[in-house]
Amino acid sequence: MTEPTLVFLGAVRTGSDTDTTALAVRDGRVLALGDEARALARTADEVVDIGDGLLMAAFGDGHAHPLFGGLESFGPQIKELDSVEAIVSEVGRWARRHPEAKWIVGASYDPALAPDGEFDARWLDAAVDDRPVVLRAHDYHTVWCNTEALRRAGVTEATPEPRLGWIVRRADGSPLGTLREWHACDLVLDQVPARDEDELVEAIRRAGHAYARAGVTWVQDAWVEPEMADAYLAAVRRGALSLRVDLAQRADPDRWREQREPFAATRTRVAAEGGELLTARTVKYFSDGVVEGGTAAMLAPYLDAPHSCGMPVWEPSALAEAVRAFDADGFQTHIHAIGDAGVRASLDAVESAIAANPAWDRRPVITHVQVVDPADLPRFAELGVIANFEPLWAQPDPLQTELSIPRIGAERAALQYPMGELARSGAQLSFGSDWPVSSHVPLEGIQVAVTRRTFTGEPAEGWLPHQRLTVDEALTAATAGVAHQACADNRRTLTPGTPADLLLLSADPRAVDPMKIHHARVLGTWLGGRPTYREGVGDPGPGGG
């Protein structure tokens, strides 16, 4: 049975050399463009007037954590709060309204709200002292917990420093309440009761609706544990998955060899049961931590910790060995790399896989790409590495001015987020959000990529202005760049026969004041020709209406 014909009349960004003035959709694919599409409007089942807006390919998110984002709505709402006092008050309010909660779990607090990002357990004790509280920082590399949570986890002054992590301590050696990186955070997080399947599926449903309202139809979930893959498959069975998702299973440096067979089995199972929306083609590696926490791997020591070059999660040779192995298994590589040493080790690992294994369409990704030594910039294009940026971070916000820049100094700070240089070098760029670490709304990141300014306009000349992108380059990174990363070349442009993953904006970002790009509204999002969001229309439910 042929599906209805949908015709859009007005400005259409095709993503190729020329725009057009009409687009027709049938059976989930672009049917026609221009005059041919306009002629179909006379008999179409629905005609949408684009008006002063713009129809374009839907956005993708090349690095995010949708399930975590959905789960954040279940706990204390601390993400937008601007003081320690406000966070403590919200935790106390939520605890009083949820006396049944055995643990109080929330995210994402701003680590710049306390000196050096160090938060005291006693501050949370003032709100809740009889139940454990654990809050993730918005970088998800740090947790802040109360005294009861530390007690439940057995963290005391006698607890040794874990191999991958730091327990921030008071002068007397007792734990302050702030834990940094994997093994330290897990001391407490491993005590938190697991979410049941219903909660995880509901989190996926909520994440999908949030993305639809932002104009996104494909996401790289960049941190997947086994129970999360099960939840996604349950969401598929229940019709609760409303966007395309690729799952990146996380390789653990201590047991990656044991993970090879289970990862392959999960990929096979998802291919069989995930339908057209879900894949599991990727393996994720954390090469290092974060600059603001002093854990990103740097080539030279931190200014405020001259004894430390950060905390590599993998030794470079071990990372290269694991990347070679999973590359040989046919998995796409996706490496978190923040510091210049982390970026170099990641490039070296990809280069070793290319040298060791037969050629294939591997499309390796290095994500975040915060500090890059100039000597390493040409290697992205040379190795075919996709640089996945979270463009919203490329602004001098408090995380930069109060934590990151003082730790690495002006010279290295000037190397951050080299989008412009990499684009000019011929490297492939894609955009992501790292949601819920930061906003999942692509237009916000696109504005920052174009202006390199905060939303209040600082600095007027742009922060590292030579790294700015044009609006069209930024739109391409958020659409065709992510489609390339997704190995979905048929979604790079809108041409007859390509999937109708579409986005209708209230204004053309190329035609407005660059400082107002993020004011454009998403009027509609279509996944394979079916609406997942229409402004002013009731929620059509998972998978469209």
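Is Arg269 buried, partly exposed or exposed, and at what relative accessibility? With a relative accessibility of 34%, Arg269 counts as partly exposed, where buried means under 20% relative accessible area, exposed means over 50% and partly exposed lies in between (1.4 Å probe, protein chains only). The structure is a predicted model, in which local features need pLDDT of at least 70 and side-chain atom pairs count only at pLDDT 80 or more, while totals for chains, interfaces and linings use all residues. Residues are numbered from 1 along each chain as its sequence is written, and side-chain values use heavy atoms, with hydrogens and water left out.

The side chain of Arg269 meets that of Asp230 in a salt bridge, with an N to O distance of 2.7 Å; a salt bridge is defined as a side-chain nitrogen of Lys or Arg within 4 Å of a carboxyl oxygen of Asp or Glu. This pair links distant parts of the chain, since Asp230 belongs to helix α8 and Arg269 to helix α9 (residues 256–273), 39 residues apart. Helices (H or I, at least four residues) and strands (E, at least two) are DSSP runs, numbered from the N terminus. Asp230 is partly exposed, at 33% relative accessibility.

Helix α8 (residues 226–237) also packs against helix α7 (residues 197–214), their axes coming within 9 Å and crossing at roughly 70°. Axes are lines fitted to C-alpha atoms, for helices over the stretch in contact, and angles run from 0 to 180 degrees between N-to-C directions.

Over the whole structure, 37 salt bridges are found. Among them, Arg362 and Asp327 have their closest N and O atoms 2.9 Å apart. Arg362 lies in the loop between α11 (340–356) and β16 (365–368) and Asp327 in helix α10 (residues 316–328), so that the pair ties together parts that are 35 residues apart in sequence. Arg362 counts as buried at 9% relative accessibility, as does Asp327 at 4%. Arg255 and Asp252 form a further salt bridge at 3.7 Å, N to O, in which Arg255 is partly exposed at 37% and Asp252 is buried at 13%.

An open sheet of 5 strands has the order β7-β8-β9-β11-β10, with mixed pairing, two strands being paired if DSSP finds at least two bridges between them. The edge strands, each pairing on one side only, are β7 (104–109) and β10 (166–169), and the twist averages 25° from one strand to the next. β10 pairs with strand β11 (residues 175–180) in the antiparallel sense over 3 bridges, and Arg169 stands opposite Pro175 in β11. Helix α3 (residues 84–97) packs on the sheet, touching β7, β8 (133–137) and β9 (142–145), and its direction makes about 150° with that of β7. Helix α6 (residues 182–189) likewise packs on the sheet, touching β8, β9, β10 and β11, with a direction at about 120° to that of β11.

Notes. Contact means heavy atoms within 4.5 Å.
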